[in-house]
Amino acid sequence: MSTPGDVPVFRFGYGNDEIGPDRQRLGNKGAGLVAMADMGLPVPPGFIVGTETGARALSEGASFQRRVKVAVLRAMRDLEDVVGYRFGGSEKPFLVSVRSGAAVSMPGMLDTVLNVGLNNVTTEAVSRITNDPRFAWDTYRRFVQSYSSVVLGLEASLFDSVMAEARARRGVESDGELPADDLRALTEAFKEIVAEEAEPFPDDVEVQLEQAMVAVFRSWDSSTAKRFRSLTDVNADGTAAVVQAMVFGNRDARSCTGVYNTRNPSTGVHAPYGDFIPNAQGEDVVGGAHSGFELSEEAREASFSDGPSMEASFPEAYTKLLELGEELEKEFAKPQEIEFTVEADRLWLLQTRAMNLLPAAGARVAVDMVEKGLINRSEALARCSLEDITALVNSRVAPGSDRPIARGLAASAGAVSGTVVFTSEQAVAAKDKGGMPILLRPTTDPKDVHGMAASAGILTSRGGQTSHAAVVARSMNRPCIVGATSLAIDLTQQSCTILDQTIRAGDVLTIDGKSGFIYLGEQPLEQPAPSSEIATLLDWHAKASSSDKEA
């Protein structure tokens, strides 16, 4: 640890700080990175400015933020010496991510800025070093878009429409098909939008880093973050900021990014669960705007997906990812959610944290881990209270119901019938009137958290199993289906078309978050028989209660 003045900076992946995974001080993300680095796992090096500093940066303002800047730039010099690149260098430029990390997981609520350190000079250097101008300008374009949204507060729609026009002119469907010249022109167009809407985009990389840090700290006090903490009773104070060497899932055709869960969060089955996207960066997966592909070939076949699986496309990285996932699950004695990037066939781990499991999944995992000797019965019972166990069985659509009209990705188990709403405000109003709203959106984002909390179920037409909608729905124990691509949602008209059926606000749908099926109208629901794991936990509780009475 280095401590310039009163601003401690904690290193990981290099040096010998021996700080340990202190989640209160380092934040959940930082503590996970420290633990993985200490285990010798493939983690890009970086440093953490802790939660206490983040809280002080908000409360003490500009004078303290200047001291933070001095500490961070000093830490950057040390990190540059390790990687052999220079931040803002015209020959071998060094790029970093600035990521948030509160002591308690707040999925999607706090901010991140990737690719910090790019301007026209450094982008040309990246193009020259990699001999890949398309990669260089795609990365700069992403940075301008992300920085403008997170730091300057511009609406993403300002850039999305320009991207859509560029795809239409080129006659392609995805951003990945745009050539380097188009991406260079898009970057300049984005910078013009920024200058018109806010201020000139900064070329000074130290300004970029400073402002990205401030934005990450500031996101703790955003209305969406405050609302999430209120709804979920999160008790923490401030977010850390993690500055880390960039690795690039958009580097080339041998690169990808994704999220891997060591268990199925709805059922607890010990099998790979998650999404990946080839030639992409992390925000493409977790943001929900892009639908990911399955990790395993078995899951791909079961989902009837036309896309690739990671297992088939990146077999060596996939095998290594599963090995490291098993190692992390044993280390923490909890199922893990792991963010990863593959850059030119090399696997990197960017985050690990305990998974959000639905109650029935938690029961299965607790029993399984006792049987494997990872935890004892007392720990299993502490994780699964008797009150929780009696409510563990999720409802499902009963046999004899109508035929489903569509299917998406099963993201959070449980079935529910309710009335369709298209905005979070409508969801809150419907719940206040005693209704059971189902929130129907193309995707969700942190601004929707209050609507998700008010909804009985959540349905999106885009996104994957680790998108914002899926992760937050599981944390709230709401039935959820994502990536239902056959749904054509028109938010302007407050309608959704499924085949030849038009759904409007107030119409009734039934969704089954375990099967992924969507039904028109109210369907009969049933409670399946308790699983063997639930029966086992009830037996353990009875024996523990008997022992307590005898004592």
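In this predicted model, in which local features need pLDDT of at least 70, side-chain atom pairs count only at pLDDT 80 or more, and totals for chains, interfaces and linings use all residues, an open sheet of 4 strands has the order 7-6-8-9 with antiparallel pairing. Residues are numbered from 1 along each chain as its sequence is written, and side-chain values use heavy atoms, with hydrogens and water left out. Strands (E, at least two residues) and helices (H or I, at least four residues) are DSSP runs numbered from the N terminus, and two strands are said to pair if DSSP finds at least two bridges between them. Strand 6 (residues 256–261) pairs with strand 7 in the antiparallel sense over 6 bridges, and Tyr 260 has Gly 274 in strand 7 as its bridge partner. Helix 13 (residues 315–332) lies across strand 6, strand 8 (336–343) and strand 9, and runs at about 30° to strand 9; here axes are lines fitted to C-alpha atoms, for helices over the stretch in contact, and angles run from 0 to 180 degrees between N-to-C directions.

A further open sheet is formed by 8 strands in the order 11-21-20-13-14-15-16-12, and its pairing is mixed. Its edge strands are strand 11 (406–407) and strand 12 (409–412), each pairing on one side only. Within this sheet, strand 13 (residues 415–421) and strand 14 (residues 437–441) run parallel and are joined by 3 bridges, with Thr 419 standing opposite Pro 437 of strand 14. Helix 17 (residues 424–432) lies across strand 13 and strand 14 and runs at about 175° to strand 14, while helix 19 (residues 468–475) packs on the sheet, where it touches strand 12, strand 15 (457–460) and strand 16 (480–482), its direction making about 170° with that of strand 16. The loop between strand 13 and helix 17 holds Thr 423. When residues up to four places away in sequence are not counted, Thr 423 touches Leu 439, Arg 441 and Gln 494, contact meaning heavy atoms within 4.5 Å. Thr 423 and Ile 438 are 15 residues apart in sequence, and their C-alpha atoms lie 10.0 Å apart in space.

Several helices also pack against one another. Helix 5 (residues 133–150) and helix 8 (residues 205–218) pack at an angle of about 45°, with their axes 10 Å apart, and are therefore oblique to each other (angles under 35 degrees count as roughly parallel, over 145 as roughly antiparallel, 65 to 115 as roughly perpendicular and the rest as oblique).

Helix 6 passes helix 7 in a right-handed crossing. The residues in contact include Leu 158, Phe 159 and Val 162 of helix 6 and Leu 186, Ala 189 and Phe 190 of helix 7. By class, the contact of helix 6 with helix 7 has 10 nonpolar, no polar and 3 charged residues.

Aromatic rings were also examined. Rings of Phe, Tyr and Trp (its six-membered ring) pair if their centres lie within 6.5 Å, and planes under 30 degrees apart count as stacked, over 60 as edge-to-face and the rest as tilted; by this rule the count comes to 9 aromatic pairs. One of these pairs, formed by Tyr 147 and Phe 201, is edge-to-face, with 5.1 Å centre to centre and 65° between the planes. This pair links distant parts of the chain, since Tyr 147 is in helix 5 and Phe 201 in the loop between helix 7 (180–197) and helix 8, 54 residues apart.

Methods
A crossing is left-handed if the near helix is turned anticlockwise from the far one by less than a right angle, and right-handed if clockwise. Ala, Val, Leu, Ile, Met, Phe, Trp, Tyr, Cys and Pro count as nonpolar, Asp, Glu, Lys and Arg as charged, and the others, Gly among them, as polar.
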